Amino acid sequence: MAKLDDIIHQPIRLRIMAALNVLPGNEPIEFTRLKAIVGATDGNLGAHLTTLENAAYVAITKDFVGKKPRTRVAMTRGGRRAFAQHVAQLRDILDGADT
Amino acid sequence: MQVSPQEAAQALQAIASTENRSATLRHYRGAAPHLMLWGLLWAVGYGLTEVMPARANAIWAVIVVAGIAAGTLIMFRTAGRSDTWRFAAVWATLVVFCAASFAVMPPSDGRQVAAFIPLVIAATYVTAGIWFGSRYVVAGLAVAALTLGGFFLLREYFLLWMAVVGGGALLLAGFWLSRA
């Protein structure tokens, strides 16, 4: 039986990955929108994104729109695969409890 | 890492609710420019129709073609190819439905046409909202209420009402969705 992914299972990171998972392909989402969805502070979200980026689960791009800085986050292919495996593991745990 | 079935259920529930919220906000973000586009087009279309009622058919032919073309371009730039075709198919359905309705029940007054089409659009928003997010329902109900209010209470100024209030409501709804 495969182990749960410690990086993904942390509650805020789990929500980050879930929010990114419904975006098609490698479509990015802006940091501010992700913050609203996940319900985290700037610093908290930034720290968890760094953890996910170090695991190569998300890709972060920074640019400017006019003079305003913009940070966007997208799920990588590896991140999508890891998240799918994590969800499957969670379902297995539930199924094991039901049988 | 040891996780109990109860913790697994909680995690799956958190995933489902977050995915749902993310998908809804993505829908809103995608729909916002379309509402703003049609808010502007309504303002122009109804405004010109008020000034040149005899040219209503030509005005609205240009407005509808311009709106569908601009909307398709927005879809092409922001969504996938399959979504663009669905978008075009929805518009084709609405145009054919309205044309068929007018063939079956010919309007006796231009204002009936001017009210019927926004009501169909409003019904489309409410229907979309039942599936994809409550803000569409609010936008659809607002457009329907403003259309019916103008039609029955402000008959002399109905076109002007739709240009300013109807178009303005769509613009505001688009802005509201973009800020969600």
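Predicted model: local features only at pLDDT ≥ 70, side-chain atom pairs only at ≥ 80, totals over all residues.
A salt bridge here is a side-chain nitrogen of Lys or Arg within 4 Å of a carboxyl oxygen of Asp or Glu. Across the interface of the two chains, the rule finds two salt bridges. One of them joins the side chains of R26(B) and E27(A), with a distance of 2.8 Å from N to O. Helix α1 of chain B, residues 5-51, gives the most to the side of chain B that touches chain A, namely 14 residues. Sorted by class, that side of chain B holds eleven nonpolar, four polar and four charged residues.

Now for the interface as a whole. On chain B, 19 residues are in contact with 23 residues of chain A. Together the two chains bury about 2000 Å², and 69% of that area lies on carbon and sulfur atoms. Five residue pairs between chain B and chain A are in polar contact, both partners being at pLDDT 80 or more.

Let us step back to chain B itself.

Of the 180 residues in chain B, 36% are buried. Among the contacts in chain B with a separation of 6 or more, 64% come from residues 24 or more positions apart. Finally, the accessible surface of chain B comes to about 10200 Å², with 70% belonging to carbon and sulfur atoms.

Note on methods. Residues numbered from 1 in each chain as written. Chains lettered and ligands numbered in written order. Heavy atoms only, no water. Contact = heavy atoms within 4.5 Å. Buried area = accessible area lost by both parts, 1.4 Å probe. Polar contact = N/O pair within 3.5 Å; in protein donor to acceptor, adjacent residues only side chain to side chain. Helix = DSSP H or I, 4+ residues; strand = E, 2+ residues; numbered from the N terminus. Nonpolar A, V, L, I, M, F, W, Y, C, P; charged D, E, K, R; others polar. Buried < 20%, exposed > 50% of the residue type's maximum accessible area, 1.4 Å probe, protein only. Areas by Shrake-Rupley, 256 points an atom, 1.4 Å probe, with all protein chains shown as cover.
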